[in-house]
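Trainee: I'd like to learn how to read a model like this one, feature by feature. Can we start with the surface and work from there?

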Amino acid sequence: SETGLIQRVFARPLWLAMLLTFLGLTFLFLAGLAIRWCIDRQRDDTATAAGSFSPPIGCYSKVGATIQYGSTWLFARQGALVARFPVITLLLTLLVLAMLCCGFLRFRVTTDPVELWSDPKSRARLEKKYFDENFGPFHRTEQLIIRPANATPFMRNGECFGAVFEKSFLR
């Protein structure tokens, strides 16, 4: 069964590439946080040794402050870059948006309930296929949505009812 898992993983190279990219970027982010925390901690230790006293700050507060400082620095740099090159920013944004919208060219809406709710390899689906091929379709799985032409509510015995409760609706 282990070879089956390996074959499934390597059968989808894009999925594997996305997973490895995510894990790599997450590792780089966490390693950067750890390095930054160590540098700040060493700086704080040397400042305390020089004679200045500050109340002790917890580990989580230091990590939170580091994340806040890093995100503030990053977004300030990004804002300055966007303000300096607005036309290039808009063109790159439109280019990325156009590339992402290319997926709509192959977009297909599935309305068949059998396709929506059952796996093609499931036992029920295989048995239904066998039955349909050998005996003909037994029943059709369809959905029907009925909407009244006149959707105004009506009053009866002091209570308000929707149009679906009128006697003439389903006739």
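Trainee: Where is Leu 20 found, and why does Leu 20 count as buried or exposed?

Mentor: Leu 20 is part of helix H2, residues 13-49. Helices (H or I, at least four residues) and strands (E, at least two) are DSSP runs, numbered from the N terminus. Leu 20 counts as exposed because its relative accessibility is 53%. Buried means under 20% relative accessible area, exposed means over 50%, and partly exposed is in between (1.4 Å probe, protein chains only).

Trainee: Before we go on, what should I know about the model itself?

Mentor: This is a predicted model, where local features need pLDDT of at least 70 and side-chain atom pairs count only at pLDDT 80 or more, while totals for chains, interfaces and linings use all residues. Residues are numbered from 1 along each chain as its sequence is written, and side-chain values use heavy atoms, with hydrogens and water left out.

Trainee: And how do I read the confidence?

Mentor: pLDDT is the predictor's confidence in each residue, from 0 to 100. Here the protein chain averages 81, and 81% of the residues score at least 70.

Trainee: What pattern does the protein chain follow along the sequence?

Mentor: Reading along the sequence gives α-α-α-α-α-α-β-β, that is, six helices and two strands. Of the 171 residues in the protein chain, 7% are buried. The protein chain exposes about 15,900 Å², and carbon and sulfur atoms supply 67% of that.

Trainee: Now salt bridges. How many does the structure hold?

Mentor: The general idea first: side chains of opposite charge can pair when their charged atoms come close. The cut-off is a side-chain nitrogen of Lys or Arg within 4 Å of a carboxyl oxygen of Asp or Glu. By that rule there are three salt bridges in the structure. One of them joins Arg 125 to Glu 115, with 2.5 Å between the closest N and O atoms. Arg 125 sits in helix H6 (residues 123-135) and Glu 115 in helix H5 (residues 113-117), so this pair ties together parts that are ten residues apart in sequence. Arg 125 is buried at 15% relative accessible area, whereas Glu 115 is partly exposed at 43%.

Trainee: And which residues make the others?

Mentor: Glu 127 meets Arg 123 in a salt bridge at 2.8 Å, N to O. Both lie in helix H6, four residues apart, about one turn of the helix. Glu 127 is partly exposed at 44% relative accessibility, while Arg 123 is exposed at 66%. Then Asp 132 pairs with Lys 128, the closest N and O atoms being 2.8 Å apart. Asp 132 and Lys 128 are likewise in helix H6, four residues apart, about one turn of the helix. Asp 132 is partly exposed at 24%, and Lys 128 is partly exposed at 31%.

Trainee: How about aromatic rings?

Mentor: A pair of aromatic rings is described by the distance of the centres and the angle of the planes. Rings of Phe, Tyr and Trp (its six-membered ring) pair if their centres lie within 6.5 Å; planes under 30 degrees apart count as stacked, over 60 as edge-to-face and the rest as tilted. The whole structure has four aromatic pairs. Among them, Phe 131 and Phe 135 have ring centres 5.1 Å apart and planes at 45°, so the pair is tilted. Phe 131 is partly exposed at 34% relative accessibility, whereas Phe 135 is exposed at 60%. Elsewhere, Phe 154, Phe 161 and Phe 165 form one aromatic cluster.

Trainee: Last one: which residues does Thr 66 touch?

Mentor: Contact means heavy atoms within 4.5 Å. Not counting residues up to four places away in sequence, Thr 66 touches Leu 33, Arg 36 and Asp 40. Thr 66 is in helix H3, residues 59-84, and is buried at 9% relative accessible area.

Technical notes: Areas by Shrake-Rupley, 256 points an atom, 1.4 Å probe, with all protein chains shown as cover.
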